[in-house]
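Here are my notes on the model you sent over. Have it open while you read, and click along as we go.

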Amino acid sequence: MERRRKRIGQQRGFTMIEALISIMVLSFGVLSLAAVYAQGIYYASLTQYDYIAEKKAEQAVEAIFTARDNKTLSWAEIQNTPSGGVFVTGAQPMLQPGPDGLVGTAADAGSPNEFIVIGPNSSGQIGTSTDRQVDLNPWMTRTIDIIPVVDTAGNNEPNLRQITVTVAYHVGSMQRTHTLISYISSFA
């Protein structure tokens with residue numbers, strides 16, 4: 001009978017300390033998972049801004065190619081202003097193209113801010129005057145750098161230039177950039 005009592009006395013359940021430790025470990029795991037999930041949602045929401053930046057960089061490059069092809073700009077004008085071209089150096093606000101139809105030129109001065117439509121209006125229609133629009137100017141800038149391409153001997157290629165368009169923007173406290181590098185030749 002005494003042996004039976006000793007076995008029963010040795011069998012014990014969880015103590016309060018063990019239960020608290022297991023609850024704390026479980027809580028830490030759940031809270032860590034929630035934090036990772038929240039951060040994933042935040043970064044997923046940035047994709048729309050990344051997409052806008054990509055398209056605004058492409059817009060600038062396509063306008064330059066179109067101006068070359070339409071002979072709106074001569075080869076000498078497809079440069080930054082210090083080199084005798086029409087494209088302003090440094091980060092420029094997002095403005096609608098000026099009279100020349102090109103973004104990033106001195107002709108953009110005085111143009112209204114560039115807007116994007118972010119979704120249908122309250123009646124579900126797109127393309128009306130009541131669309132929800134976002135002004136890109138306060139938080140997005142575009143830099144267009146056009147430089148000559150240098151060959152292996154260190155000489156400038158006379159008919160080839162590199163176009164680098166960088167769109168910088170900030171979302172909350174995060175600063176992001178999108179850079180598009182393209183090459184343009186003098187031949188249309």
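The points below go from the overall fold to the sheet, the salt bridges and the surface.

1. First, a caveat: this is a predicted model. Keep that in mind for everything that follows.

2. The protein chain has three helices and six strands, and along the sequence they run α-α-α-β-β-β-β-β-β. Of the 188 residues in the protein chain, 29% are buried. Take the contacts between residues at least 6 apart in sequence: 47% of them join residues at least 24 apart.

3. Four strands make an open sheet, ordered 1-4-5-6, with antiparallel pairing. Strand 1 (92-93) and strand 6 (174-185) are at the edges; each has a single partner strand, so one side of each has no neighbour in the sheet.

4. Inside that sheet, look at strand 4 (residues 140-150) and strand 5 (residues 156-171), which pair in the antiparallel sense over ten bridges. If you want a landmark, isoleucine 146 sits opposite isoleucine 163 in strand 5. Helix 3 (residues 47-69) packs on the sheet and touches strand 4, strand 5 and strand 6. The direction of helix 3 makes about 25° with that of strand 6.

5. On to charges: how many salt bridges are there? The count comes to five. One of them joins aspartate 50 and arginine 176, with the closest N and O atoms 2.9 Å apart. This pair ties together distant parts of the chain, since aspartate 50 belongs to helix 3 and arginine 176 to strand 6, 126 residues apart. Aspartate 50 is partly exposed, at a relative accessible area of 24%, and arginine 176 also counts as partly exposed at 24% relative accessibility.

6. Another salt bridge links aspartate 69 to arginine 68, and here the closest N and O atoms are 2.7 Å apart. Are these two residues buried or exposed? Arginine 68 is buried, with a relative accessible area of 11%, while aspartate 69 is partly exposed at 38%. The cut-off for buried is under 20% relative accessible area, so arginine 68 at 11% falls on the buried side.

7. Then there is the salt bridge between the side chains of arginine 142 and glutamate 114, at 3.7 Å from N to O. Again distant parts of the chain are linked: arginine 142 is in strand 4, and glutamate 114 is in the loop between strand 1 and strand 2 (115-119), 28 residues apart. Arginine 142 counts as buried at 4% relative accessibility, and glutamate 114 is buried too, with a relative accessible area of 7%.

8. Which residues are linked in a network of salt bridges? Lys56, Glu114 and Arg142 are.

9. Last, the surface. The accessible surface of the protein chain comes to about 12,400 Å², and carbon and sulfur atoms account for 59% of it. Ile17, Ile21 and Val25 make a nonpolar surface patch of about 310 Å².

How values were computed
Residues are numbered from 1 along each chain as its sequence is written. This is a predicted model: local features need pLDDT of at least 70, side-chain atom pairs count only at pLDDT 80 or more; totals for chains, interfaces and linings use all residues. Side-chain values use heavy atoms; hydrogens and water are left out. Two strands pair if DSSP finds at least two bridges between them. Helices (H or I, at least four residues) and strands (E, at least two) are DSSP runs, numbered from the N terminus. Contact means heavy atoms within 4.5 Å. Axes are lines fitted to C-alpha atoms, for helices over the stretch in contact, and angles run from 0 to 180 degrees between N-to-C directions. Patches are made of residues with over 30% relative accessible area and no salt bridge: like charges are joined within 9 Å, nonpolar side chains (Val, Leu, Ile, Met, Phe, Trp, Tyr) within 5 Å. Accessible areas come from the Shrake-Rupley method with a 1.4 Å probe; for residues, only the protein chains shown count as cover. A salt bridge is a side-chain nitrogen of Lys or Arg within 4 Å of a carboxyl oxygen of Asp or Glu. Buried means under 20% relative accessible area, exposed over 50%, partly exposed in between (1.4 Å probe, protein chains only).
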